[in-house]
Amino acid sequence: MNRSKIGRHMSVLPKVLLVLIAIGCLSIFVATLILIIVPKEVFDITTEWASLAYIIPAILVIRYINRPPRFAILTIAVCIPVIEMGTLIPELMEAPGMAILFFMDLVMMVSGIHCFIGDEHSVTRLIYVSITMMILNLAASFMILIIAIFSLEVDLMLLAVYNLSSVFIYLLFTLFLIQRDVREESMGSKLRGGIEATDALLSSGPGAYIYTEEVYPLLGMDMSKWYVTGLDCPIEALYTATVHDGKRSLLLTSKKWRGENRIRISVDEDLKTRPYGTGFPLNYHSFEQASEGLYLRLYGDEGFFMRIRIKDKPKVETRFFVAADFDLYEWEEQLIEEDPQND
Amino acid sequence: MRALKAFKILPYALGMAMGILLLAYGGYLLYKDVYVSIEPSSLIVIAHIIMTISGLFIIIVGRRDLIRCIGLYAVSLGLSRFALRLDILDFDDMVPAAINCVMILLAINLMYTGASFCMGRVIRRLSMSITSIILAMIDLLMLVTDGSQSILPFTPYIDTNTRFVECIMYLVLLILLDTEFIRYGTSEGRIVTHLTRIRENYRMDDDAHINPIVAENLLNRDGNLWIRNNDGPVDREMTFTITGNTMEANVTAQIWKGHDGIYLTISSNPGSIIHANRIKVDVVRREGNVLHMYGKDGTDFIVGLSKGARS
C-alpha cells in the first residue's frame, strides 16, 4: 500500500479547487443563515440547522491547503457526509428510501478515513461515491425545479438552487480527486512502469548497437570527451555512451575513480524513474568481426561478458518531411562532393 | 499502522455481513413464501432456500475463502432475481416484458460471473461490478419513486424495506469487489503486483527522498538508528524507507565486520527478503539538500532529504 502520493504536496490547480470548495461550503452556510434569520413571510423554505455546520469544512479546507491532499480529503469526506446525515435523519421516517443516501455518506466517511491513513485506492472509491452523490442530488434538485416551474413558486426555485450548491461541491470534489497530484496511479500505468523497469533490468534486443565514435571514449582510450568532476567527488571523470536498442536507449557510463587506473562501466536506461545503479569493472576488451558486422566485446570480473554491435553514425538523419527551403538536388551534389562513392 | 491493519479486516467483516444479510433476507422471503403468499412458485421457493443455506455457509466458512463466498453470494442473488423475473414474465404487455427480459439476462450474468468466483478464481470482476451497479440503480430508482406501480408498472409490488435491503446487498457486493484483495486477485492484478515489486526494488522516482535523521546516520555510519546486533558477519544494521511519488522501497543497511562499505538490501516490502536488489555503497556524500551514494559496483544514486519521510 503506497501512501506516498497522498502524502505529498499539491500544485496550484488542486489548491484552487479546494478554495472553490471552501467558497461553496461558505455559501451554503450563509444561505442557511439567511433562511433561518429571514421571516417565513419572505421565504417559506424549511431548512435544516445542521447545514450551518458547513462553516467547519470551509475553514478546515483553507487551513489545510498547504498540507498534503489527504488532509483536505479527510475533511471533506468526513464533514460533508456528517452534515448530510444530520439533515437526512428527520426525513428518514417520511421517505425510507433516503436511507441509501445515508449508506453512501457512510461509505464516503469510511473511504475518507481509509485514504487519510494511507490507502491510495480510496481516492478512486471517493470519486465513484462523489459522482453518485452528485447525480442523486442533481436528480433531487431537478425534480424540485420541475415542480417549481410548473407551480410557479419562487420559494421552491430558490430551494432548488440551494440544493444545487451541494451538487457544485461534489463536482469540485470530484475534479479535485482526479488531479494528477491526488489520484491513484492506474493499473495500466503500474503495468507499464513495471514492464519498463523489468526491461531496463533484464532485457535487450539482439540488434542493440553503439556508434563507432563512442567506442574509444567508452574504453578510456580517448578521454578528451570525458567529463571531469569536482575535486571532492570520488569519481574523477566519466563518459556516457548510448546503446541504441530500437526505441530504447541504454546508457553505458564509464567512470574512473580517484586513486584507480581501471575503468568501471555502469549500465542504465534512460527512463522517468532512476536506477540505483549496476555495473562491472572493465578488465579487458576486444573486437569481433562477425558476418553481420563488427562487435565490441567487454569482460569484467567473475565471468562477466558483454557483446555490443558497433555501427557507423549516419551522416544525415532520415526525415519524412522535407523543409520548404531544403533543396534535394543540392543535397545530393553535396554528398557526391564529400564522397564520390555516394554517386 | 494499527489503523491500516484494522482496515485489512474490513473485507472479512463485509463478508460476514454478506452472509448475515443473505441468511436474514432469504429466511424472511421463505417465511413470506410459506405463510403469506398464495401458491408461491416452486422456483422462487427453491431460490430462497438456496439463498438461506448460502448465507449460513458464508457465515461459517467466509473467513477461510472469501473469493468463493463472494461467488456463492453472487450466484444466490442472481438466482433469486432470475426466479422472480421469470415468474412474473408475461408477454401480454411488451414494454414490461422487455424490461423483465433485460433483468433476467442481468441475473444470468450475475450467476455466470459468480460461478467463476466459486471456482476460486477472480475473473470477470468488471462484468460482475457493472451488473451489480445496474441492479442496484434499478432498486434505487424504485426507492426514489417509493416503489409506486403507477410510475413504474413493470415491477411487481415489493415493499420498500425489502427493496432497500436488496439495494444494500448489491452495494455490499460492489464494495467487496473493490477491496484490494479482489482487485489484485485478477490475473492483471497479480502481474502488476510482481512487476511493481521489481520496479520498487530496482528503480526510484525522481523525487525519491529519505528522512534527514537517516541521512545523518548513513553519513556518519553511526547513530541511534544503527542497531549493533553483532549477527555473524554483520557488525551493525539499520532499516529505513526511500519514498517517492509512486514508489516506496524498504532498505536494510548493514556494515559488515572488516568491510569498508555499507551494504544495502533494497526490497519493495518489509518482512521476508529473498529477491532483492543488493548493492554496496563505498562513499556517501551530502551535496546540499541531497545525499549522493557511490559504489564501485556501479551504484550511483541521489536521494533528497525530507522531514516528511519515515525513518
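Buried area is the accessible area, found with a 1.4 Å probe, that two parts lose on being put together, summed over both. Keep that in mind as we walk through this predicted model, in which local features need pLDDT of at least 70, side-chain atom pairs count only at pLDDT 80 or more, and totals for chains, interfaces and linings use all residues. Residues are numbered from 1 along each chain as its sequence is written, chains are lettered from A and ligands numbered from 1 in the order in which they are written, and side-chain values use heavy atoms, leaving out hydrogens and water.

Let us start where the two chains meet. About 5000 Å² is buried between chain B and chain A, and carbon and sulfur atoms give 62% of it. Phe7(B), Arg203(B) and Lys296(B) supply 16% of the area that chain B buries against chain A, more than any other three residues. In terms of contact (heavy atoms within 4.5 Å), chain B brings 60 residues and chain A brings 53 residues.

What holds charges across this boundary? The rule finds 6 salt bridges between chain B and chain A, where a salt bridge is a side-chain nitrogen of Lys or Arg within 4 Å of a carboxyl oxygen of Asp or Glu. One of them links Asp232(A) to Arg285(B), with the closest N and O atoms 3.0 Å apart.

Strands meet across the boundary too. Helices (H or I, at least four residues) and strands (E, at least two) are DSSP runs, numbered from the N terminus, and two strands pair if DSSP finds at least two bridges between them.

Now look within chain B, at His292(B) in strand β8 (residues 290-294). Is His292(B) buried or exposed? It counts as buried because its relative accessibility is 10%, and buried means under 20% relative accessible area with a 1.4 Å probe, counting protein chains only, while over 50% is exposed and in between is partly exposed. Beyond its neighbours within four places in sequence, His292(B) touches residues including Val283(B), Arg285(B) and Phe301(B).

Finally, turn to chain A. Strand β10 (residues 305-311) pairs in the parallel sense with strand β1 (residues 209-211) over 3 bridges, and Ile210(A) stands opposite Ile310(A). Strand β9 (residues 293-299) runs antiparallel to β10(A), with 6 bridges joining them. In their hairpin, which has 5 residues between the strands, Glu302(A) takes a positive phi near 55 degrees.
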